[in-house]
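Okay, thanks everyone, let's get going. Have a look at this one with me.

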Amino acid sequence: MLEASHPTAAVTIPPGTDAAPPPENRVLKKRIAVPLARRSPDDKQASTPTQAKATVHNLDFWYGKKHALKNLNLTVAERRVTALIGPSGCGKSTFLRCFNRMHDLQIGTRYQGRIMLQPDNVNLVSRDMQPIEARMRIGMVFQRPNPFPKSIFDNVAYGLRLRGMRKHSEIEESVEHALRSAALWEETKDRLQESALALSGGQMQRLCIARGLVTKPEILLFDEPTSALDPLATAKVEELISTLRDEVTVLIVTHNMQQAARVSDYTAFMFLGELVEFGDTSQIFTNPQQKATEDYITGRYG
Ligand SMILES: Nc1ncnc2c1ncn2[C@@H]1O[C@H](COP(=O)(O)OP(=O)(O)OP(=O)(O)O)[C@@H](O)[C@H]1O
Ligand SMILES: [Mg+2]
């Protein structure tokens with residue numbers, strides 16, 4: 001079995017981890033020709049130790065007899081972006097969907113192990129946790145934008161009303177805040193009552209992000225959020241995800257190595273249902289410890 005290296009519960013981001021790749025990593029440097037410098041050395045946040053938002057312990061998952069996740073262990077750092085990468089079918093989406101208990105909608109699925117959500121220290125995959133509660137606490141943005149056939153305003157307000165918020169001024173304030181956080185306010189503030197279906201694909205995806213953010217989720221999950229978008233819309237959503245770490249903990253699945261390098265603080269490489277390697281994004285892309293990781297990020301397979 002492949003050993004996964006992973007940080008322990010309290011994660012400290014050393015300042016200046018975005019140094020250029022060492023010269024011996026010429027192949028990687030050439031392949032991942034994108035700046036890893038999301039955090040400058042004087043960025044306050046970069047030197048701030050972060051806490052664990054969730055810790056995954058010995059997580060296994062089955063679709064019927066199919067053993068899709070095998071003994072996963074990792075820490076999701078609070079208010080940071082963690083990327084999940086790996087070849088098609090390795091279990092990235094399966095792993096993501098454990099957090100909001102999406103699998104409970106399918107008969108014959110089974111979890112084993114723990115995903116401990118902090119600071120409450122509750123196990124998201126235990127029988128005692130109602131799937132609906134997990135979904136209330138953990139938001140998700142899907143591959144294809146999926147706005148409701150409602151107005152822009154009502155799309156974002158939906159989750160608030162579902163949670164019992166009735167006061168219009170409060171709803172308005174929260175909707176505006178979420179649209180601003182999703183970098184969509186300026187484009188929509190004069191057309192909030194128009195149908196969300198009239199937005200462009202990129203705008204719809206940012207609307208879905210606003211809809212996810214408005215209820216202040218503890219973790220926001222993204223499953224290939226830009227794969228259906230054009231390069232310009234992709235750039236906007238990526239930029240947005242990078243800024244979201246001020247508000248929320250992000251776990252993102254992506255097939256795009258450059259995207260993982262650009263937006264994430266930590267990267268986990270999965271292969272055949274196992275977690276092969278996990279670490280600081282700059283380390284994973286410039287100095288992977290496992291050959292399988294290196295082969296994948298240099299495009300030798302996947
Ligand atoms: N609903 C399901 N029922 C049964 N098996 C499934 C189901 N969804 C996924 N699988 C299987 O579980 C394994 C992991 O699939 P998963 O969708 O998590 O991979 P992935 O890494 O997200 O792949 P991709 O990059 O193609 O999206 C695959 O072997 C897949 O065939
Ligand atoms: Mg997937």
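So, which residues in H4 meet which residues in H7? In H4 we have Ile152, Asn155, Val156, Tyr158 and Gly159, and they meet Leu207, Ala210 and Arg211 in H7; contact here means C-beta atoms, placed from the backbone, within 7 Å. By class, that contact has five nonpolar, two polar and one charged residues. For the classes, Ala, Val, Leu, Ile, Met, Phe, Trp, Tyr, Cys and Pro are nonpolar, Asp, Glu, Lys and Arg are charged, and the others, Gly among them, are polar.

Quick housekeeping: this is a predicted model, where local features need pLDDT of at least 70 and side-chain atom pairs count only at pLDDT 80 or more, while totals for chains, interfaces and linings use all residues. Residues are numbered from 1 along each chain as its sequence is written, with chains lettered from A and ligands numbered from 1 in the order written. Helices (H or I, at least four residues) and strands (E, at least two) are DSSP runs, numbered from the N terminus.

Now the strands. S1 (residues 52–63) and S2 (residues 66–77) run antiparallel, joined by eight bridges; pairing takes at least two DSSP bridges. Leu59 has Leu72 in S2 as its bridge partner. The two strands make a hairpin with two residues between them, and Gly64 in the turn has a positive phi of about 55 degrees.

Last, ligand 1. The residues around it include Tyr63, Lys66, Ala68, Lys92, Ser93 and Thr94, counted when the C-beta atom, placed from the backbone, lies within 6 Å. H2 gives the largest share of that shell, three residues.

Terms used. Contact = placed C-beta atoms within 7 Å.
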